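Let's take a walk through this structure together.

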Amino acid sequence: MTNIVVLNTEAHKDVRVRAKASARFGDDQRFVPVVVGEFALLAVHYPILLSKDAETGAFYAGAMLGFDDRENLFLDEARGFDAYRPLSLRRAPFFAAGDELAIDLDSPRVSRNDGEALFDETGAPTAYLQGVMAAFRELKPGLERTKRFLETLLSLKLVETVTIDLAFDDGTRRITEGLYTIDQDALRALPDDAVVDLFRKGYLQLIYLMIASLKQVPVLARRKNLKLLEA
Amino acid sequence: MTRPVEQLVIVGGGTAGWLTAGVIAARHQGRIKAGKVSVTLVESPNVPIIGVGEGTWPTLRTTLEKMGVSETAFFRECDVAFKQGAKFARWTTGRDDDFYYHPLMLPQGFAQVNLVPHWLGGMQDRSFCDAVCPQGELCEEGLAPKTITTPEYQAVANYAYHLDAGKFAPFLTRHCTEKLGVRHVQADVTGVNLAATGDIASIDTRQAGKIEGDLFVDCTGFSSLLLGGALGVPFRDCGDILFCDRALAVQVPYDTADAAMASHTISTAQSSGWIWDIGLPTRRGTGHVYSSRHTTDEQAEEELARYVGPAIKDLSVRKITIRSGHRETFWKNNCVAVGLAAGFLEPLEASAIVLIELSARLIAEQMPVCREVMDIIAARFNETTSYRWGRIIDFLKLHYVLTRRTDTAFWRDNLDPDTIPDRLKTLLHLWKYQSPWCFDEFDRLEEVFPAASYQYVLYGMGFRTEVTPEDNAATEALARRHITENVAATQRLRTQLPRNRDLIRKIHEYGMQPI
């Protein structure tokens, strides 16, 4: 269950948050929603792909962290996250409530005795909480910017489905479905004025980051292979 | 010197006129943009649209997609709902528990194996439809044929639409005029001028003067102003085969905005006809189609009232006189008729709109380049279209001749051999010994009703084809595999698919994605 309340200096002065990445705190996700501001940081580790929200059918951008359900190949329980940790994982257990920050008091991350404090003795936010607030300053406008970027891709018909079909060394096979990427033929066929427009909006760079990030698929597959061989 | 066909004039709006305009204009966009061809639709601002055709076939998905229509916009603006087939109630025995489905999905593995003899040979613990395809169960459970993540026009389970015809024509008008370059002239036709050759040279209109054309499409509805009127092509009545000649239509509101909505057409047999029931998001369209030779208007209205319930006393019931049949020929000289101007049949299998689409596509694809070759195209069009009308008449009659009802003269008269077309008689004779399938005679590229449709109706209504175990031996394993596969597919779709109304609400709220 969730119990989300607006964060309050007085009421939550003793609340602590276990901030480290861990499967039991919800970092065990194979596809994590991301915003365009993160693309450059993500592209050096993960494939950046599009998927559809099961409730609304709307497209969203995400980083692919694994192949199987609840599989995050970058998560190491001892050492934490072995790569850039996307904002949407880093923000947990906090939420945006209008302009304010809210917290899910029922999250397994929330504790009274271990983890990061939120406020110091004077009631000022700790460095940890300031980091969370910074994440939200990126996330909130980032979601809106990402939405506009995706709308532009769709209106220019630059999105196509991609099926990742891999055979692993243990003889098993994974076929991912419901993922989308940039249609490079359609991109090349764009008229000049549309290309300039994409460039001026900063979208062309995002598009090429998405294309380049596809090269992370075989890297991700190698991680999976190593894990399968360890097991 | 040849006479090129450059000016296309469609006379009459409504579903037929605008669909035809859209199909032709979309196919010839290049020539329209280059100014080489024009498509003009002349529509009376005073003649109301008949607009009872609210059931469609899955062909409409392709037709609209090719026209460049957004399926989301279509759902939102035309009060559209999904149709996954038709449920026929009380057609066989007339009892309360008597029903079968004619779904839109093909039987499992239809191209590989005919499941009919296997089902007849010992799988009759389930209905034919349930044994070979998931769609009957999806309909019974009120599930939608896709999910919100399925792209526009794509299906998880094959589907067509139920729509509000009164909103469909204006929706197509906007699309055709704004996106496809169709000229819209609002004017009443006052005369048709023939050339010495017998071709239509022009039409006179009250508001827009004389309008000339190289090819005229008659979409003027029952009046058939051009083909029937000016060119004198007679009407061939088929009331001796299909008896229904009256309809009472009434729109029924739902009890609550969230009431369950069927994703199939329900057709319930009555004493001398049948009642249609088409679920739209905001209301149900229902109507009683009946034979005035077998019952009275009063009794027909009473049966409709019994079906609709007490709510009917506050609703307005519209009476429509119908005449089953079609023009003896459909394309004469430089005039071709589409829609009600070509003919009408009772809406038992929603054949009206699909025939418009098929006719429009035939005109669009075979558009005569010049007058000199038009008669060749016309002859082909007539051959194909006559074939289609004949097939549809046979298929509709099939529903009546398989009945075991003898409770009224209507049902008994339907079994009179003199009322059954010869081709249907021959087929029924054949089917006693071998069931219809791919390699049957339904081999046309664009068959209105394929062999699968005949299977669903025949074996839904308990028709017996003789089978022997030896005949089945060769395909036994393959058939069993498909039957098992169908059980798995049914199970999977039942967990995967949302409630019909929930999906429609989401389409209105979020829209469907183009890919």
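Start with chain A, where buried residues make up 25% of the 231 residues. Keep in mind that what you're looking at is a predicted model. Chain A has seven helices and 13 strands, and its C-alpha atoms fill a box of roughly 60 × 50 × 30 Å along the principal axes. Of the contacts in chain A with a separation of 6 or more, 72% come from residues 24 or more positions apart.

Now find helix H6 of chain A, which runs over residues 203–213. Its buried residues are Leu206(A), Ile207(A), Met210(A) and Ser213(A). Look down the axis of H6(A) and you'll see these buried residues fall within an arc of 130°, so they line one face of the helix.

While you're still in chain A, look for the loop between helix H2 (87–90) and strand E8 (94–97), where Pro93(A) sits. A cis peptide bond joins Ala92(A) and Pro93(A), with omega at about 5°.

Next, the meeting of the two chains. Here 10 residues of chain A are in contact with eight residues of chain B. On the chain A side, that comes to five nonpolar, four polar and one charged.

Where they touch, seven residues of domain 1 of chain B are in contact with nine residues of domain 2. The domain 1 side of that contact has four nonpolar, no polar and three charged residues.

A pair of helices in chain B comes next: H1 (residues 14–27) and H11 (residues 351–365). Their axes come within 9 Å and cross at roughly 35°, and the crossing of H1(B) and H11(B) is right-handed. Among the residues that meet there are Leu19(B), Val23(B) and Arg27(B) from H1(B), with Ile356(B), Ala360(B) and Glu365(B) from H11(B). By class, the residues of this contact divide into nine nonpolar, two polar and four charged.

Helix H3 of chain B (residues 59–66) buries Leu60(B), Arg61(B), Thr63(B) and Leu64(B). Down the axis of H3(B), these buried residues fall within an arc of 165°, so they line one face of the helix. They pack against H1, helix H4 (71–77), strand E6 (160–162) and H11 of chain B.

Ala350(B) has a positive phi of about 50° although it is not a glycine, and it counts as buried because it has 22 C-beta neighbours inside 10 Å. Tyr153(B), in the loop between helix H7 (135–140) and E6 of chain B, also has a positive phi, of about 65°. Tyr153(B) is buried, with 20 other C-beta atoms within 10 Å.

Finish at Glu470(B), in helix H16 (residues 469–472) of chain B. Is Glu470(B) buried or exposed? With 7 other C-beta atoms within 10 Å, Glu470(B) is exposed. Glu470(B) and Gln108(B) are 362 residues apart in sequence and 22 Å apart in space, C-alpha to C-alpha.

Terms used: Residues numbered from 1 in each chain as written. Chains lettered and ligands numbered in written order. Predicted model: local features only at pLDDT ≥ 70, side-chain atom pairs only at ≥ 80, totals over all residues. Buried ≥ 20, exposed ≤ 12 C-beta atoms within 10 Å, placed from the backbone. Helix = DSSP H or I, 4+ residues; strand = E, 2+ residues; numbered from the N terminus. Arc of directions from axis to C-beta. Axes fitted to C-alpha atoms, helices over the stretch in contact; angles between N-to-C directions. Left-handed = near helix turned anticlockwise from the far one by under 90°. Contact = placed C-beta atoms within 7 Å. Nonpolar A, V, L, I, M, F, W, Y, C, P; charged D, E, K, R; others polar.
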